[in-house]
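This briefing goes through one structure by topic.

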Amino acid sequence: MGWVAVCFSLLLNLLLPMSPALAQGNGGAASLPLLTVEMLQQRLSTLDQRDGKPTIDLRQVAIDLRADSDLRDRFYRLVQNKLQSGSRPIGLDLSYSLVLGELDLTKLGLRAPLYGDALVPLLDTETQAQLSRDRKRLNQLNQLSRSLLIQEKSTAQQIYLIRGPLVFVQTHFTGNVVGADIFFLDRLLFQGTQFDQSLSLPGARFGQNVNLTGARFSQEVNLRNSIFFKNARLDQSYFAGVVTFQGTEFKRDANFNQSTFIKEANFSRVQWLDNADFAQTVWKEPVSFFKGSFDKALFFTQARIEAPLSMRQVRFSEPINFRNVALSAQADFGDAVFQERAYINVSGLDFNPDQARILGNPGQIGKVFSVPSLSGNETLLRNLVRNFRRLEQISDAYRVEYTAERLRLRELRQRLLGTNVNTAPQLKLVQIGFTEAQAQAIASRRKVHPLLSVSDLLDIEGIDLAAYVKVRDRILTRRPLSPLGRVQLCLRWLWLDGLVVLSRYGTGVGLIIGIGLMAVAWFAVLFWFIDRYRRRLPTPIVPPLAQALWIGVSFFACASIGLSMVLRSADYPAPILIWLAVLMLPLPLACIARILQKGRFHDLMEESYLREDGSMRQLRLLITRLPVIPLFPFFRDRFTPILQDRRWSWLNYYDFSLNNWFKFGFNDIRLRDQDVPGLITVLVWYQWGLGLMYVALLLWTFSRTIPGLNLLLYF
């Protein structure tokens, strides 16, 4: 039986050094050797070199830091003394280790007063500037505390410096990891780390990169009022508890890609000075970005948001990417500030207005939505319109419709002028932006089977996303149009282009009013010139100089007001001015030139061409009135020539132009039906016809933009 006693003794010797808690550890925790004081002293005496820096190697061990552990106090004292010894920073590596109990990082740091210049040699310029701001802030808080609480003395403020890198790759912490007001001067690597309890580092300052990729947080994460001076990586992490980043500042990229948030997340008052990446994240509970500030781009690409998202009073300076987001809860952008370059890309957004809502300031939120193309986003745009109608934000609903029609207009233009990649020769493909190799690949592909959509180009070898984006607005894959179909499509494009350009598809009241003022002033000057400037020989019939000055100044003032309204309201002023030039310049100028060329020789040369109804003077709605006086003699007797010997007689021409364009005026002024050159009649009827279409467009715009005013249609 001697051999049995020997085996039992060996087994007992193996089990005694092991802590009883290790037997209850997860996974392979029981196989890790328990760190003893002797082992710790040995490893402190022989440091490893990692990236040129001495490092304490405590990898693949079990460290018992619980309250009843004999190792706890000596561990903190020995490790702290080693970390603080010497002028060179020393790192700490706990990779693949198991830490039992609470880890207090402040006990590993160098404790130093917040004030004074003792820390200056250890800090870089940016960190010194931040330290100065912290001192000022704490001084203000102390003064406020003394004034409110009548405290005679304030406690001395201290910080803790950890100079070397901390490497905790796949470390397992069974207790809390705590530490307040710590300056980490070197990098932190927590890749794949598991936290069974909370991580609490309020007021921390991270001087170098922080890597928490693949970390798993089972309880609360508290990084309130912290500052990340370099890149922060928390991608592919799992947050099972409440997450608090309130008041934190990210000076470089912040990466939360593919992370999962199970409980509430508080990112309120966070300053994001560089890109913030929340792509492919999952949000199970509410998240708040209240009063945050995004100086660069914000990415929520392919995120799944299952709880309310609060972006209230957030300031955006760059685009927000919501491509392919699955939104099944409320997203609140109330009182958010969107700078000039900021917009929300919602292409492919999975959004059902019956289950979720998008909130924002009325008249503002509808302007910031953007999608690159209509294809694949028509349902989304209709759902956004339904969302804002249910919220009674009609102007935002119409703004989304305007965005949809602009995209439809671009699609029609592309069908008319685009290059069909299924039929175009290779030389044409090279001319529109493809390389010769890409054009050859397209030709080889379409011989097998034609491309069904433009996005099929990405499946061809050699064509990447950059090449696709460069040419996607100039190509198409549909069948060629017949001549009749092309004419119909061209007319449809012109009609839609007129609605979009001249009225922003019924959403620009200021724009349509500005166009009307410019048109009224222009035609008033034309009619004044035709009526008052008849001839110079043999007997001059010309207007007095004073009246010419009055009409010129009034035209300049009225046209300037209209032009300023157009420039302020229009998204694209140049197309509007082109439309107005095409409608109001060629035909009127041709008529006037022909009249001056032929001369005028007819009866009643001394009388005005315009007649006014002298039976009454009142503001009249003249939408059914025709611009020429009737032939019935009794009606002719009611119309008398307008007065031309009064200083204010030039106002009659504005009244006549107002009657023809806006269909209302102060007097019923019409063109006489006797002894009038035909070209003048053509010009009057031309303005009246344009005015009829303008009034229809104006009333349609009013009905869409003024709540409750349904003059023509109500969508």
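Buried means under 20% relative accessible area, exposed over 50%, and partly exposed in between (1.4 Å probe, protein chains only). By this cut-off Arg-704 is buried, at 1% relative accessibility. This is a predicted model, in which local features need pLDDT of at least 70 and side-chain atom pairs count only at pLDDT 80 or more, while totals for chains, interfaces and linings use all residues. Residues are numbered from 1 along each chain as its sequence is written, and side-chain values use heavy atoms, with hydrogens and water left out. Helices (H or I, at least four residues) and strands (E, at least two) are DSSP runs, numbered from the N terminus.

**Strands and sheets**

- Two strands pair if DSSP finds at least two bridges between them.
- Ten strands make an open sheet with parallel pairing, in the order β6-β11-β15-β19-β23-β27-β31-β35-β39-β43.
- At the edges stand β6 (103–104) and β43 (358–360); each has a single partner strand, so one side of each lacks a neighbour in the sheet.
- Within this topic, β27 (residues 265–266) runs parallel to β31 (residues 287–288) and is joined to β31 by two bridges. Asn-266 stands opposite Ser-288 in β31.
- β7 (residues 110–113) and β8 (residues 158–162) run antiparallel and are joined by four bridges, with Gln-158 in β8 as the bridge partner of Pro-113.
- β8 also runs parallel to β12, through three bridges; Tyr-160 stands opposite Ile-182 in β12.

**Helix α5**

- The buried residues of α5 include Leu-380, Leu-384 and Phe-388.
- Contact means heavy atoms within 4.5 Å. The buried residues of α5 pack against β42 (350–351), β43, β44 (369–370) and α6 (394–417).
- Glu-392 follows α5 and has a positive phi, near 60°.

**Nonpolar cores**

- A nonpolar core is a set of buried Ala, Val, Leu, Ile, Met, Phe, Trp, Tyr and Cys residues joined through side-chain atoms within 4.5 Å.
- The largest such core has 99 residues, of which Phe-267, Trp-272, Phe-289, Phe-300, Phe-316 and Phe-333 touch the most other members.
- Elements giving two or more residues to this core are α2 (37–45), α3 (71–84), β12 (182–184), β39 (331–333), α5 and α6. α3 gives the most to this core, six residues.
- Another core, of 58 residues, lies apart from the largest one and includes Leu-409, Trp-528, Ala-570 and Leu-580.

**Loop residues**

- Gln-302 is found in the loop between β33 (298–299) and β34 (304–305) and is partly exposed, at 44% relative accessible area.
- Beyond its neighbours within four places in sequence, Gln-302 is in contact with Gln-280, Arg-323, Asn-324 and Val-325.
- Asn-225 lies in the loop between β19 (221–222) and β20 (227–228). Asn-225 has a positive phi, near 60°, and is partly exposed, at 39%.
- Lys-663, in the loop between α16 (651–662) and β50 (664–665), has a positive phi of about 65° and is buried, at 1%.

**Charged and polar pairs**

- Arg-704 is found in helix α17 (residues 678–705). A polar atom of its side chain lies 3.4 Å from the backbone oxygen of Tyr-505.
- A salt bridge is a side-chain nitrogen of Lys or Arg within 4 Å of a carboxyl oxygen of Asp or Glu, and by this rule the count is 27.
- Arg-50 and Asp-93 form a salt bridge at 2.4 Å, N to O. Arg-50 lies in β1 (residues 48–50) and Asp-93 in β4 (residues 91–93), so the pair ties together parts 43 residues apart in sequence.
- Arg-399 and Asp-571 form a salt bridge, with the closest N and O atoms 3.3 Å apart. Arg-399 is in α6 and Asp-571 in the loop between α12 (545–569) and α13 (573–584), 172 residues apart.

Conventions: Polar contact = N/O pair within 3.5 Å; in protein donor to acceptor, adjacent residues only side chain to side chain.
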